[in-house]
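Welcome, and please open your viewer. This short tour tells you what to select at each stop.

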Amino acid sequence: MGTKTVDEAGAETGTEAKRDEQTVDVTKTDNAEASTDNETGAGAAEAAGSAADVEEPDAADETDEADEDLAADDDSAEAGQDTGVGQGAAAVVSAGLGVVSLTGSWVATVAAARESLNGQLQLQASSTASVAAQVKEVYGDAWATTALIGGLFALAALIVGVVVLVRPAFGAPGKPQAAWIKSVAWAGISLGVVGLVLAVAKYSDLILGLPSTS
C-alpha cells in the first residue's frame, strides 16, 4: 500500500513537470515568433524609408530641370521679342528718313538760307557780277544745298532699310521676320530711292534748273 502511493505521487509529479516544460516551450516559441515579426516590420520600415530617401532627390532634380527649361524658354522668347522690336524700330526710321528726304527738313532750310546769305555778301563785295552769276549765288547754290541734304537723308533711308531686310540672315536661324517689318522697310527703301533720284536730278539741274538770264 505504501509503495503504490509513492509511485502514484512520483507519476503525478513527472506529469506536471512535462506539462511545465511544454508550457515553457510554447512561451519561447511565441516570444521567438513575436521577435521575428518585430524584426520583419523594422526591416520593412527601414526599406520604405530608404526608398523614400532615394525617390525624393529624383523628384527634386526633375523639378530643377523643369525650372531651368522654363527659364531658357523665357530667355529665348525675350531675345526674340527684343530682336523684333529693334528691327521694327529701324524699319520705321527708314520710312521716316525717306519722307524727310522728299518733304525737306529744318537742316536743309537753314543750310539753304546760309548759302543764300553768303551769295548776297559776295555780290555786295563785287559790283561787276553778271546777272547769271547773281542768280546762281543767291538762288542756285541754295537750291543745290537743299538737294544735297535731301539726297543724304534719302541715302540714309535706303541704307537703313536694306540693313533691316538683311538682318535675319545674320541673326538666329529659324526665326522669320515679321511681315509688317518687311513692309515698312520696303517702304523706306522705296522712298529713299525716289528721294535720291530727285536729289541727284535737282543738284545736276536736270529738273527745276536755274532760269535763263539771256
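Begin by selecting α3 and helix α4 (residues 179-203), which pack at an angle of about 155 degrees with their axes 7 Å apart. Helices here are DSSP runs (H or I, at least four residues), numbered from the N terminus. Axes are lines fitted to C-alpha atoms over the stretch in contact, and angles run from 0 to 180 degrees between N-to-C directions. That angle makes α3 roughly antiparallel to α4 (angles over 145 degrees count as such). By class, their contact has 19 nonpolar, six polar and two charged residues. Ala, Val, Leu, Ile, Met, Phe, Trp, Tyr, Cys and Pro count as nonpolar, Asp, Glu, Lys and Arg as charged, and the others, Gly among them, as polar.

A note on what you see: this is a predicted model, where local features need pLDDT of at least 70, side-chain atom pairs count only at pLDDT 80 or more, and totals for chains, interfaces and linings use all residues. Residues are numbered from 1 along each chain as its sequence is written, and side-chain values use heavy atoms, with hydrogens and water left out.

Zoom in on the contact (heavy atoms within 4.5 Å), where residues including Ala108, Ala111 and Leu123 in α2 meet residues including Val138, Ala142 and Ile149 in α3. This contact has eight nonpolar, seven polar and three charged residues.

Definitions and conventions:
Helix = DSSP H or I, 4+ residues; strand = E, 2+ residues; numbered from the N terminus. Parallel < 35°, antiparallel > 145°, perpendicular 65-115°, else oblique.
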